[in-house]
Amino acid sequence: MGDNSSQSNGHFSEKERRIRANDRFYNRQFNYANNFIRTAKYSLATFLPLNLFEQFQRLANFYFLCLMILQMIKIISSLTPVTTAVPLIGVLCLTAIKDAYDDYQRHKSDSQVNNRRSQMVQDGRLVEERWSHVQVGDVIRMDNNQFVAADMLLLSTSEPNGLCFIETAELDGETNLKCRQCLAETAEMGQDVGRLSAFDGEIICETPNNILNKFEGSLSWKGKRYPLDNDLIVLRGCILRNTEWCYGVVIFAGKDTKLMQNSGKTKFKRTSIDRLLNFIIVGIVLFLLAICIFCMVACSLWELDFGYRFQFYLPWDDIVPKEPPLLGASIIGLLVFFSYAIVLNTVVPISLYVSVEVIRFVQSFLINWDSQMYCERRKMAAKARTTTLNEELGQIQYIFSDKTGTLTRNIMAFNRCSVAGQCYGELVNPNTGQVIDVTEPTEKVDFSANPNYEADFRFYDKALLEAVRKNDPDVHTFFTLLAVCHTVMAEERNGKLEYQAQSPDEAALVSAARNFGFVFKERTPYSITIELLGKRVEYELLCILDFNNSRKRMSVIVRDSGHPDASKRLRVYCKGADSVTYERLRPGDKIIRDKTQDHLNA
């Protein structure tokens, strides 16, 4: 079995994780976490001590607690402790009720997540189970538009070649779809529950961590060993999109999943107002201490010079020594210090915290009830998930964004293009030469002659379609590139061709090529098929160099065996950022390059 864990103080310290699919007995020996999650801060047993500990981190609460203790010492206090205890207990109770309400909402959310239903392969059949009952090594089924229950190794999908698409907005905020592909050897199992139930592969992989874009491991099955990387892993919190179903074996569950590893422990959060209040309270307390110290020194000096001689009329307390006079005067001054601290306690405004807590609590309901914060498209209203951070809304000074899609609805449309120094997409008045603004009555290009056109596609410059019909070689090459250089998947649904794209910009470009007659039809691991103005053309796919942050471009190498010119059968199609693409152009054509740059800057 190997030295994969060591026992110390009753807990396992993992060096690597070993999992055997469909074998709970084997996996149970490692005490892996189950799929139950808990994000709430308190339980019934821990609420009182933890909440009091958090509340006394506020300086005003701690100050009044110390003050109440001082008031219990009769020799220095002329006030009953009740005068401080009542408002302090009131503040603590009010804040505790608010915190209890917030934590109840967390418990409610945890219960909703843990009780979600998932289909699990068990004894040759699909069994419906709660998420909290899923364990490491189980084979589970996910359906389209469903949240993924746990971090799992992809085994098979409904799509050709074992592909599936996921949305990772819950993990990294990105709404564009990402592609995952299972091993060809496991993809053959499809949705055959009998074969999936008999799957006994053994997985050796990394221990739980919070790195979302990295995974290392291996799968041993049928005497062979297969390397595993992040492209084979689907994480908890993802949503399955544009894929009817997929099966996977659970690798990390519950608190070990990368989503929970990144969420960390629920912390006591302080807002800018809390920090400001603490700062103000510190200033007020320092001012109060200064007054008390002044009164202490003044009292000590008076007792030393005058009070010592008038003990017949103003006798010192029994605990104050008569000799030497300096010691007695110093002790009286110390007692007076605490007495003044008690008498002047109203300088510290404990009601300020009460007012802030009440305002926050009421504001959270006003946010929930605000009809103007309702999204009609998503049928979703605003919801204040906590009552402690309301004032942080709108307190934004800087926005750091990697792309415009982060700030917009992330919807892309094909509006303009520049081909061989010619700009298409702008409507120009032939008399004045000025650009005409596109409005609702503006006549759009008619694509109805194309049987694969999309009714909602809008383009207004007829010159581009005329260039396609005149067999302009540059325009044909441009649209061929858009139809071939991508990772889009195509499928027929109800007699209609539909595309599944990882990002909205890829979808917009492939859709544009489709409407202009360069229709992407299907792909396999070794070929891409397009319909070029009604003629079916199949390209042999030799290599895909996918887009990444360092290359900033995507390239495909294809062979067109049917091309009459043998020297032009092998092609490299590349698309990407203009700065990167310009560096790889052959020398010359400066006029076209300058025109293209002008079009980009316009």
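Colleague: Which residues of α3 are buried?

Modeller: An α-helix has 3.6 residues a turn, so residues three or four places apart point the same way. In this predicted model, the buried residues of α3 are Ala60, Asn61, Tyr63, Phe64, Leu67, Met68, Leu70 and Gln71. Helix α3 itself comprises 13 residues, 59-71, and its first and last C-alpha atoms lie 18 Å apart, close to the 18 Å expected at 1.5 Å a residue.

Colleague: Against which helices do the buried residues of α3 pack?

Modeller: They pack against α2 (47-55), α4 (82-114), α9 (272-305), α10 (325-343) and α11 (351-369).

Colleague: How is the packing of α3 and α4 to be described, in angle and in distance between axes?

Modeller: Two packed helices are described by the angle between their axes and the distance between the axes. For α3 and α4 the angle is about 150 degrees, and the axes are 9 Å apart. Angles over 145 degrees count as roughly antiparallel, and α3 and α4 are therefore roughly antiparallel to each other. The crossing of α3 past α4 is left-handed. On the α3 side, the contact is made by Asn61, Phe64, Leu65, Leu67, Met68 and Gln71; α4 contributes Thr83, Thr84, Ala85, Leu88, Val91 and Leu92.

Colleague: At what angle do α4 and α11 cross?

Modeller: Their axes cross at roughly 25 degrees and come within 10 Å. That makes α4 roughly parallel to α11. This crossing, too, is left-handed. Here Val91, Leu94, Thr95, Lys98 and Tyr101 of α4 meet Val354, Glu357, Val358, Phe361 and Phe365 of α11.

Colleague: Which residues of the largest nonpolar core touch the most other members?

Modeller: That core has 53 residues, and those touching the most other members are Ile140, Leu153, Ile203, Leu219, Leu228, Val234 and Ile251. Strand β15 (residues 245-252) gives the most to this core, with seven residues. Apart from it lies another core, of 40 residues, including Ala467, Ala501, Val519 and Tyr573.

Colleague: Where is Asp123 found, and is Asp123 buried or exposed?

Modeller: Asp123 sits in the loop between β4 (117-122) and β5 (125-130). With 68% relative accessibility, Asp123 counts as exposed. Its phi is near 55 degrees, a positive value in a residue other than glycine. Lys222 also has phi near 55 degrees, and is placed in the loop between β11 (217-221) and β12 (224-228). Lys222 is exposed, at a relative accessible area of 66%.

Methods:
Residues are numbered from 1 along each chain as its sequence is written. This is a predicted model: local features need pLDDT of at least 70, side-chain atom pairs count only at pLDDT 80 or more; totals for chains, interfaces and linings use all residues. Side-chain values use heavy atoms; hydrogens and water are left out. Helices (H or I, at least four residues) and strands (E, at least two) are DSSP runs, numbered from the N terminus. The expected span of a helix is 1.5 Å times one less than its number of residues. Buried means under 20% relative accessible area, exposed over 50%, partly exposed in between (1.4 Å probe, protein chains only). Contact means heavy atoms within 4.5 Å. A nonpolar core is a set of buried Ala, Val, Leu, Ile, Met, Phe, Trp, Tyr and Cys residues joined through side-chain atoms within 4.5 Å. Axes are lines fitted to C-alpha atoms, for helices over the stretch in contact, and angles run from 0 to 180 degrees between N-to-C directions. Angles under 35 degrees count as roughly parallel, over 145 as roughly antiparallel, 65 to 115 as roughly perpendicular and the rest as oblique. A crossing is left-handed if the near helix is turned anticlockwise from the far one by less than a right angle, and right-handed if clockwise.
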